[in-house]
Amino acid sequence: VTLKIEQLYDQYFEFIYLRCVRLVNNPEVAEELCQDTFIKASKSLYRFVPGATHKTWLYTIATNVCLNWLKKASNKKESLMSENLPEPGHSGESWTIEWSMLVEKSLDRSEMQLFALKFLDELTNEEISEQLKCTKRTVINRLNTLKDKVSKTLGEDNPYAARMEV
Amino acid sequence: MKVSKMKIDEYVCGLLPNEEKDTVVKALAECEECKAYLQITQMSFDKARAAKGRGRERVLASSPSLFDRIFKSGFQLSYAVAAIVFVGVGFGLRQMQLQGPENVVYYKGAESERVFIKSVDDGSVRPLAGDAKVGELVKFKVPVKAKYLLVLALQENGVVSNFNPDQSTKSIQLGSSTMFDIPGSIRLDNYSGQESLYFLYSQDLLDFQELKSVIEDNWGALSAKDFGSLLEANGVTTWSVHKLR
């Protein structure tokens, strides 16, 4: 089904905003990134994506937009926990010190994406495989690699390692 | 019973189908963590409603789809589809692959008049109708269908690059004759995996960085194969160079 960007905006804005605020935990930044998501979608392939729902597709773009922002903020040495993100906990308890440490210190973009889907969105491995369009086996393999990296940054007794056991 | 935060977001936004709504309602009745998240999400939802009005103008004023611009060349879809040179391991009869211990490129296909191999030994150019070796150079001659052409290479792992002999990041301007001999060549390297070349015709200059950004933004929602199907379905000539070790 072909939808115009206005229709996508009307239907999914709130959902995408919630996705952004959960990742960056700052309402003002989330608002900006949410708009950026729809602008990217409008310039992009929304009429042509085969086999993906508009919701899934926008969700992926939003995730990429937010993770890019987080990575850039981290590269600029702006503290993700300081005044740039003034309301920790605003979108829920999902924003953690550990998440910001991982973004700043160790994870690349695809690992951040996997981490966000697993621990911020709390998706099951099956739901993650649907999101990333890969097999469940691939998700498990990638989680194993992620577990090692997370443990190196946060220590062996970090709260995520056990949840990555498969 | 617990449900994901994404499901709760969908519930709050009224995007869940009925059969899934029941599951979330049940979880919200039983799961304290879910209830707490629901409360926070409802507050964020109110902020989202306010933000929605503020952002509308900026979003709707953004420029049109990149693909609208590519297809301004307006050539017939049927013709474009016929022009597809589809070369791939496991995808058709016309194949190009590296095989055997010497990494030999083997090609069989009907479109060989458009693809040439330049020998590294003596510089001679021959149609790609047989074997080629790693290190040899592949050259292309393409039909002129529009004013500009941009050749994009996409590896299966999402790495995007452009093929422009002038080192420019913009489209190549095509001449007035019916066929265009693209200057420069692509060296067959030891890359193990699929690399696809997309020939994007347009009436306006296209910028490689813009295309690259589109692909990277969509990566995850689109695989390399999806992207290829997408382009082919919309009339972009595709050349896949599959290399196996």
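A residue is called buried when its relative accessible area is under 20%, exposed when over 50%, and partly exposed in between, with a 1.4 Å probe and protein chains only. By this definition, buried residues make up 51% of the 245 residues in chain B of the predicted model. The model is a prediction in which local features need pLDDT of at least 70 and side-chain atom pairs count only at pLDDT 80 or more, while totals for chains, interfaces and linings use all residues; side-chain values use heavy atoms, with hydrogens and water left out. Residues are numbered from 1 along each chain as its sequence is written, and chains are lettered from A and ligands numbered from 1 in the order in which they are written.

Confidence was examined through pLDDT, the predictor's confidence in each residue, from 0 to 100. Chain A has an average pLDDT of 77, and 77% of its residues score at least 70. Helices (H or I, at least four residues) and strands (E, at least two) are DSSP runs, numbered from the N terminus. In chain A, the highest mean, 91, belongs to helix α1 (residues 5-24), and the lowest, 74, to helix α4 (residues 97-105). Residues 81-94 of chain A have a pLDDT below 50, and this stretch has 39 contacts in the model beyond near neighbours in sequence, a contact being heavy atoms within 4.5 Å.

For chain B the average pLDDT is 68, with 57% of the residues at 70 or above. Among its elements, α1(B) has the highest mean pLDDT (93), whereas helix α5 (residues 77-82) of chain B has the lowest (27). Two stretches of chain B stay under 50: residues 71-113, with 115 contacts beyond four places in sequence, and residues 241-245, with 34 such contacts. For the complex, the predictor gives an ipTM of 0.80 and a pTM of 0.59.

Chain B contains seven helices and 13 strands. Of its contacts between residues at least 6 apart in sequence, 70% join residues at least 24 apart. Its accessible surface is about 11,500 Å², and carbon and sulfur atoms account for 50% of this area; such areas come from the Shrake-Rupley method with a 1.4 Å probe, and for residues only the protein chains shown count as cover.

In chain A, helix α6 (residues 125-132) packs with helix α7 (residues 136-154) at an angle of about 105°, and their axes are 8 Å apart. This makes α6(A) roughly perpendicular to α7(A), a label for angles of 65 to 115 degrees; those under 35 count as roughly parallel, those over 145 as roughly antiparallel and the rest as oblique. The axes are lines fitted to C-alpha atoms, for helices over the stretch in contact, and angles run from 0 to 180 degrees between N-to-C directions. Residues making the contact include A:I128 and A:L132 of α6(A), and A:V139 and A:L143 of α7(A).

Two residues of chain B touch chain A. B:S4, in the segment before α1 (5-12) of chain B, is buried at 5% relative accessibility. Beyond neighbours within four places in sequence, B:S4 contacts A:D121, A:E122, A:L123 and A:E127. B:L60 belongs to helix α3 (residues 32-60) of chain B and is partly exposed, at 33% relative accessibility. With residues up to four places away in sequence not counted, B:L60 touches A:I5 and A:E6.
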